[in-house]
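Please keep the sequence and the 3D view open as you read.

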Amino acid sequence: MWRRIVMLLSLCSLAYAGLSLAQSTATRPAGSAQAGATALPAKPNPAVGADLTAPRILPRPPQPPQFISAPGAETPIVLKSLRLQTHIVGGMAHTTADMVFYNPNQRNLEGELQFPLQEQQHIIGFALDIDGKLRAAVPVPKQRGQEIFEEIQREQIDPGLLEMTQGNNFKLRIYPLPPKGQRSVQLRYTENLTRQDQHWSMRMPLGFAQNWQEITLEVHARDLAQAPKVSGAPLAFSAQGRDYMARYEIRGKTAQQEVRLLLPRKNTPQAAVQEFAGQHYFTLEAPIEAKDSKRQLPNQVGILWDSSSSGAKRAHAAELALLDQYFKAAGQAEVSLTLLRDVALDGGSFSVRNGNWDKLRQALERVTYDGASALSAWRSAPQVQEYLLFSDGLRNYGSAPFPILAANQRLYAIQSAASSDSPRLAAWANANRGKLIQLDPAHGAAAAQALLQDGVYLEHVQAQGAGEIVFAERHVQNGMLRIAGKLENAQQGARLQLQLAGSLKHKLEVQIPAAPQAPAHPYAAQQWAQYKMRMLEGDDELHRAQIARLGQQFSIPGRETSLLVLERLEDYLRYEIDGPPELQAALAKLRETARHAKQTQQQAHLQTVLQRFKEKQAWWQKDFPKGDKPAPEKKQALIAEQRVVLTGSRLADRNAAEAASDMQERRRVVTEMPHAAPALSPAPKQASATAKEGAPNAPQISISLKKWKANAPYLTRMKNAKPEHVYAIYLDEKPGLHNSSAFYLDVAELLLEQGQQELGLRVLSNLAEMDLENRALLRILGYRLMQAQQAALALPVFEKVLRLAPHEPQSLRDLALALAQDGQQQRAVDTLNRLVEQKWDVRFPDIELIALAEMNAIIATSKQKIDTRAIDPRLLHNMPLDLRVVMSWDADNSDMDLWVTDPNGEKCDYSQVLTYQGGRMSRDFTQGYGPEEFSLRHAKPGKYRIETNFFGNRQQVLAGATTLNVKLTTGFGTDKQKDQVITLRLREAKDTVFVGEFEVKP
């Protein structure tokens, strides 16, 4: 169990918690590639025929964890100074930590600090020095913060970003740490103190770092009857009335391992008030003097056992020891076991007699830990009186809300993993009249006492003059009940009646003083918001918007909110972010001008999309020859004449530096064309062509995919085994391959082919467990689920990807296609229209055209009437195709190419975007994800060969194999549409893979 200590020092104590601040060592001058990136050469000019390839990225050797590490740096980063200013009011401590880092190296370093918070610790502020002055971070939606960070990072100017990753874990990103220079970082956080007899206890370990020069500790405690008691450091408190202050400096000598404070605690309820944004908030600390008593255990028990892959990391021996004490105390019980993985499975029913639960124990000891964590995918049984949930709370699969139990049922959540989502587990338990039990393997007796004894819990609050009452925990923790709320009339105060139940059943009346007479609390509003958010954590999917509003309003980083510092004034304006107070006046002057500029840009974007859509219509309406290709000299003249219908496409080599000049290139191509674009045919009476347009004479076309063959020893072993043994072999191989996405994809593919769908989907779901909030892995998972015709399972995956990366148009497109496959055509069309209307980064060229093709095809083929009133009518035109190939991939900053060779032997690719018979390739994606699209309206008889090529990447880290998703379609946009999808992998530059072929019958 994590010790309840000051957040900063748990953050700093790498030796205790295994934390690290990692820096990349590459210098990043303006205009250079990012740290660790490999420059991607320009694609070969088709006229010259060069054959350049990107060099391989070599992995960096693993580095041992340090407090501040710089892999490859000559000298470690130094914590030059640390100043801790702690203010204690009642049972809460507020600390401001000012850190100064010094870089003794000759190059810029980039820092990333990942750290967990303790259960009662909350960040309330973050600041980073800009031009020598601390600039406060501002709250932004979490996905928006990630988008901004990545965009500005590409410009070589990194902001400071503090964000929650999963559970109560946080990540702080800093750049740059200048050569022979320093950066200052400030963190502010609050912590509820621990009660110890008649004192509040606060522990601050100081022996956390070797490379430090100066530590200053200042403590200011308010309204105490006597001075705090100190151990571990010569802190001498001086009195100012009932306030006490102390200051301690450590310079050039070894610090004590720990400083401990004991502060006198009042035995009466203490309330404090704060005015915030026109509203008065109060906090209440009510000591409850009651001893726990042995509770009557139920005879109908349900055990919810998290059997996902991450469940293997829990302390199972300690959990079984706790259950042993539980059943010995219960004596007799009927137990139903539910195994929670990607789905909930019935683990059987067991009878406990005279405390003997051997059969259940054996069943738990045999549990296989595999699959994702769908922790809400179970239903309560009416006969069960009490559920025991053993889990880390890291839910990552499915979208079902957590079950709400009946009034006569309880839920106890037992958490024994080092990494967990304790707030979510606590919210589930609190909502179901139970509590969260932290199970420390070294102190199992405390967990047994919490589970077996009936403590005091808050059953009901009746308030007069107050509203929106929230609490830290429903059960009284360590003899203290903490409540917060809003005063309805600050001049009159409020009265609360607390109905307590459990071992102590009575009502407690508490008076909240009027605001003018109440003690002032500097963070009562944020304390209220923290409690409120904690109560909503149990079903964060349902309450996402409310959690986001609270995080934004009270500057609390969490599931939906991050804290961001930007360097340039224009960046706050550009991203429509309210800057810190010192920048508000300057920003106000610029906003009106920016508002008009944005409207102009949006109109220009729509006009560009309309123009490009017209060009594609012109290509679709043109009749291309279907005979043999002419001699080379005649062919070049014909293609030059036909290129007029693709005036916006890339016709020459392309690299990253040209990405921003696409518009100028289109103008250049237009001026060089010998003929004007052909006039469009008159618009049809109905804007969108029907699904049958062009279909009556559609040729007979077959699709043949080359099955992806992975060359791995584990697959050979499985293929040589009987089908019923494949899963057992997979479990045998898994410990050595648990971090390989390819392993799960290969095994899932084999199991699905053998008809073992339940096991195949379970293995596949492990991708959600591998790296929390990794959108690349989630995209692969979603693609493969759709390939397996499991759109209902893919939808929550793609919805999560959209939350993580709304700045990437692929997130909207993937979700829309999953909606369409799930039969939700209206939502699919609306989602694709959102993609078309939004202006995207230049690294996503013409993705609107691909989305328009899919949107119009869905409208034309839908059996239900689609409402298209929100769509610009000029964009409604279905363009059916004989052949269509679309390729997307999972790696950012990577360049994959789609090649299609027709019966003439002519290859359509990035260098030749239009073939003699009218095959059309979409614009080249050189910086990640795709999609790239090949289209052919009327297909010449013969075979069409489809290949993919890995051109190279600019990724900053070694990413392993890149996973591609390729869809081959015949009769696209008609009621005869047929799709086949294949998932495959390319590992390095020069890799070219044959995907499959179309065969068009004469």
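What does the side chain of arginine 534 meet in a salt bridge? The partner is glutamate 473, at 2.8 Å from N to O; a salt bridge here is a side-chain nitrogen of Lys or Arg within 4 Å of a carboxyl oxygen of Asp or Glu. The pair links distant parts of the chain, 61 residues apart: glutamate 473 sits in the loop between strand E30 (466–471) and strand E31 (480–487), while arginine 534 belongs to helix H8 (residues 524–536). Helices (H or I, at least four residues) and strands (E, at least two) are DSSP runs, numbered from the N terminus. Glutamate 473 is buried too, at 7% relative accessible area.

Before going further, a word on how to read all this. The model is predicted, so local features need pLDDT of at least 70 and side-chain atom pairs count only at pLDDT 80 or more, whereas totals for chains, interfaces and linings use all residues. Residues are numbered from 1 along each chain as its sequence is written, and side-chain values use heavy atoms, with hydrogens and water left out.

Back to the charged pairs. Side chains of opposite charge can pair when their charged atoms come close. By the salt-bridge rule, the count comes to 45. Among them is the pair of aspartate 571 and arginine 568, whose closest N and O atoms are 2.8 Å apart. Aspartate 571 is buried, with a relative accessible area of 2%, whereas arginine 568 is partly exposed at 23%. Another salt bridge joins glutamate 999 to lysine 1001 at 3.3 Å, N to O. Both of its ends are partly exposed: glutamate 999 at 26% and lysine 1001 at 34%. There is also a network of salt bridges, which links Lys616, Arg813, Glu854, Arg884 and Glu933.

Turn next to a sheet. In which order do the three strands of this open sheet lie? The order is E29-E32-E33, with antiparallel pairing; two strands pair if DSSP finds at least two bridges between them. Strand E29 (456–464) and strand E33 (506–512) are the edge strands, each pairing on one side only. Neighbouring strands are turned by 25° against each other on average, direction ignored; the axes are lines fitted to C-alpha atoms, for helices over the stretch in contact, and angles run from 0 to 180 degrees between N-to-C directions. Eight bridges join E29 to the antiparallel strand E32 (residues 494–502), and glutamine 462 stands opposite glutamine 497 in E32.

Now for two backbone details. Most residues other than glycine have a negative phi, and most peptide bonds are trans. Aspartate 131, however, has a positive phi of about 55°. This residue lies in the loop between strand E6 (121–130) and strand E7 (133–136), and is exposed at 75% relative accessibility. Arginine 433 likewise has a positive phi, of about 60°. Its loop runs between helix H6 (422–431) and strand E27 (436–438), and at 24% relative accessibility arginine 433 is partly exposed.

Finally, consider confidence. The mean pLDDT (the predictor's confidence in each residue, from 0 to 100) is 80 for the protein, and 80% of its residues reach 70 or more. Over residues 1–42 the pLDDT is below 50. Where pLDDT is low, the predicted coordinates should not be read in detail.

Notes: Buried < 20%, exposed > 50% of the residue type's maximum accessible area, 1.4 Å probe, protein only. Contact = heavy atoms within 4.5 Å.
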